[in-house]
Amino acid sequence: TPYKCTGGDCSLDAGLRSQVENRTATGVWTTAAQALAGGTSYAAIANPFDLQSRRDTIAAEARFSATDNLDFIVGVHSYKRTGNMPWGASFSFNVGVELGLVIDNRETDWLGAIEWASHQGMTRVEYQHQKFEQNTPDLRWDNPNRATDFCRTGLANQPPGTCWDPSGYINGNGPAFGRMALPLSNSVDRFNWMGMIKLPARTTASASLGTGISRQDNELLPWTTNSSINTEATWAAFPELRELPRDTSNMRVNYFTGTANVSSRAIKNLTLTGRFRHNSRTDFTHEFDAIEYVRFDAVPEETGGITHALNISRNTFDADASVTGIERTAIRFGYGIDRWEHTHRTTSGWQDDTARVSVDFVGNQWLTLRAQYKHIDRDTIDLSPEALAEAAMQPAARFYDEAARKSDRMSLVAEVMPTSSLGLSFSWGKGQDDYLEGDPTQEFGLLDNENTSWTVGLSYAPSSKVNLGADYGRDEFSALQASRNSNPAPDASWTDPNRNWTIDNDETVNTFSAYVDLIKALAKTDIRAAYTYSDSDQAFVHGGPRIASLAAANQFVALPNVTNTWQQFTLDVSYSISKNFGIGLYYLFEKFDVEDFATINTAGPQTL
């Protein structure tokens, strides 16, 4: 690297930086001609360095057993990390820099706990304090293309009296050096409790509670270190950049987790279980107004926003019943509710209602069988059209991870052993997510997702020395999405259904594998061989009126199918010369062929 990094500062040769700014030397090259002419001038002063880090750890724990059932525990664990690590630091889209960042931090964890246990139950109460100390809170590094802050008046879209470049975040006409915050010092305090008790009628109950407080209150970096921006003329156009809304981060987040579990077999052949879990995150950090900010330390803008507290609450309940009255068979029924609520998205969360049933048949020397079916109804909570509008989205669009949907999952696994040496296996699974059935008002986004897979296999072991087998599987995936190619309202295209288009992403994967193991079938020799072959064909099928109109105007080029084949063969032979000494040979052949967007010449004839 041409940089010299010490602590939180990475500097370049001042004379060479001046030459680069005056165009008598090349900094970060941006054209092929510069690269062919010799690349960057900084290569002449670049030196190698050891990219390594070191961690020194000390830990201790003391346990005092006051009685046979009661223990007191205290402990500490601390580690310090030093050295260097790669770190990306850029000034604009075309001035990318990688540095050997200096590492200097320490983390310390303190623990105090009380434990009580007997044959009837147990409980534990503990307190933890964790602290991260950053000795290098921020990084300053030199711009390889500039030795001074850019300043030139009269540029287009420049406010009166200012001299910074409104396009500086793209072309690199920005500051002489950059500055960014590194992972900052913070602390977490946690209090945890857990307990378990054995109750009559073969019943066991357990519970746990945990709460934590995370704090961070470090000094904030200024809006900019660019002297061309920190002027009265700039502040007249962007008054919020005169000073920060506050001097320190002043952040505090609380966490809470609670669980409860009950398992009972009071009735023979009937096992009942119930589980409940609660997780929440409450953010007490005050909002921070960053509507006006400085992009890439080069251009003041009003395209930012105001930070919002991110609060999350999740409650999960599950109940299961297992019936074992039929010989070698267990039938299970289950129902679950999973409710996840959060702030500042297009919805306030979602709730899953899940019903499931499964059958297990085991213990028979001829057959092992497992079948399962699961149905999930997901409903959104408080969908906000206003939030969709703020994100410049269509009102009928949804995010797939929180959109309402109906899901079905089915699976079957069977193993047949007609003889002690021959085994047959079969597995099948199918799943579908239907978003339109879950929300008929949805028009755009992921509408349907379906996948099917099955595998059949054979294994044969006529003796302890010979073992061979093979299997074949097929996987099919399909996903349908819809969108509208339009301009924002009030443009007429915003509501024009002729602008709608779809894409159906389909993929089929075939996999075949075979193996043979010969263990001492030949004297003193083990031979293992295996072969695997897989091929995939993925298609992107476009449709809808918008695609038809573009194709009619000869303005649409379909994405080609993405196909690949992969095969691997391995052979492992070992020979025991004596009881304590042997020799071995391992051979591997692997081949991968792919055709994708990067291997298609779309600029001319579509040839590979």
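A nonpolar core is a set of buried Ala, Val, Leu, Ile, Met, Phe, Trp, Tyr and Cys residues joined through side-chain atoms within 4.5 Å; buried means under 20% relative accessible area, exposed over 50% and partly exposed in between, using a 1.4 Å probe and protein chains only. The model here is predicted, so local features need pLDDT of at least 70 and side-chain atom pairs count only at pLDDT 80 or more, while totals for chains, interfaces and linings use all residues. Residues are numbered from 1 along each chain as its sequence is written, and side-chain values use heavy atoms, leaving out hydrogens and water.

Let's start inside. The largest nonpolar core has 16 residues, and Tyr3, Cys10, Leu99, Leu139 and Trp141 touch the most other members. At least two residues of this core come from each of helix H1 (14-21) and strands S4 (70-92), S5 (95-118) and S7 (138-142); helices (H or I, at least four residues) and strands (E, at least two) are DSSP runs numbered from the N terminus. S5 gives the largest share, four residues. Another core, of 13 residues, lies apart from this one and includes Trp164 and Tyr169.

Now look at the loops. Between strand S20 (367-381) and helix H5 (385-390) you will find Asp382, whose phi is near 55 degrees, a positive value in a residue other than glycine. Asp382 is exposed, with a relative accessible area of 57%.

Finally, visit the loop between strands S24 (466-484) and S25 (500-522), where Pro490 lies. A cis peptide bond joins Ala489 to Pro490, with omega about 15 degrees.
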